[in-house]
Amino acid sequence: MLTGEMTDSRARVAHVGIAVPSIAHALGFYRDILDVQVELLEPRDAESPVAKFLARRGPGIHHICYRVPDLDRTLERCRAAGYRLVDEQPRRGANGRRIAFLHPKATAGILLELTE
């Protein structure tokens, strides 16, 4: 467990991505009951990464997103440390934010998203 105050130079959890078969069915619980920020992921088609995740594992946590102060620098540090990247270069994600994913084989089985 980490303790103490985090400074702006450290990564912070931005959101948890949860794969669901239907956002319409899941939204009420997260919006009205928990009132917490999550990213609900519904497959757009049967071949999408979210659809494949649901077929293999069922609904559940898909990824954890960390907000970092400098995405390019963080990716450089990941490469230098030998971490496998899904995205070698940042791309545009939700709300136009720059994002990049780290491969779950490099992060103890958890898909990690980085964003600024």
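The lining of the largest pocket divides into 17 nonpolar, 9 polar and 11 charged residues. In this count Ala, Val, Leu, Ile, Met, Phe, Trp, Tyr, Cys and Pro are nonpolar, Asp, Glu, Lys and Arg are charged, and the others, Gly among them, are polar. The model is predicted: local features need pLDDT of at least 70, side-chain atom pairs count only at pLDDT 80 or more, and totals for chains, interfaces and linings use all residues. Residues are numbered from 1 along each chain as its sequence is written, and side-chain values use heavy atoms, with hydrogens and water left out.

## Pockets

A pocket is defined on a 1 Å grid over the protein atoms alone, as an open set of points where a 1.4 Å probe fits, with protein on both sides within 12 Å along at least five of seven lines; lining residues have an atom within 4 Å of a point. Grid points are joined across faces, edges and corners, and the volume is the space filled by probe spheres set on the points.

| Pocket | Volume | Lining by class |
|---|---|---|
| Largest | about 1100 Å³ | 17 nonpolar, 9 polar, 11 charged residues |

At least two lining residues come from each of strand E2 (38-41), helix H2 (49-57), strand E3 (60-67), strand E4 (91-92), strand E5 (98-102) and strand E6 (112-115). These elements are DSSP runs numbered from the N terminus, helices being H or I with at least four residues and strands E with at least two. H2 gives the most to this lining, with 6 residues.

## Helix H2

Val50, Ala51, Phe53 and Leu54 are the residues of H2 listed as buried, where buried means under 20% relative accessible area, exposed over 50% and partly exposed in between, with a 1.4 Å probe and protein chains only. They cover an arc of only 160° around the axis, which puts them on the same side of H2; the arc is that of the directions from the helix axis to the C-beta atoms. E1, E2 and E3 are among the elements that cover the buried residues of H2, with contact meaning heavy atoms within 4.5 Å. Pro49, Ala55 and Arg56 are exposed on the face of H2 turned away from its buried side. Gly58 follows H2 and has a positive phi, near 80°.

## Helix H3

In H3 the buried residues are Leu71, Thr74, Leu75 and Cys78. Seen down the axis of H3, they fall within an arc of 100°, so they line one face of the helix. The cover over the buried residues of H3 includes E5 and E6. Exposed residues Arg77 and Ala80 are carried by the face of H3 turned away from its buried side.

At the start of H3, a side-chain oxygen of Asp70 comes to within 3.2 Å of the backbone nitrogen of Asp72. Just after H3, Gly82 has a positive phi of about 85°.

## His15

His15 belongs to strand E1 (residues 12-19) and is buried, with a relative accessible area of 12%. Its side chain makes a polar contact of 3.2 Å with the side chain of Glu39 and one of 3.3 Å with the side chain of His63. A polar contact is a pair of N or O atoms within 3.5 Å; within protein, one must be able to donate a hydrogen and the other to accept it, and residues adjacent in sequence count only if both atoms are side-chain atoms. Leaving out residues up to four places away in sequence, His15 touches Gln37, Glu39, His63, Ile64, Cys65 and Glu113.

## Positive phi in loops

Most residues other than glycine have a negative phi. Asn95, in the loop between E4 and E5, has a positive phi near 60° and counts as exposed at 76% relative accessibility. Ala108, in the loop between E5 and E6, is not a glycine but has a positive phi of about 55°. Ala108 also counts as exposed, at 77% relative accessibility.
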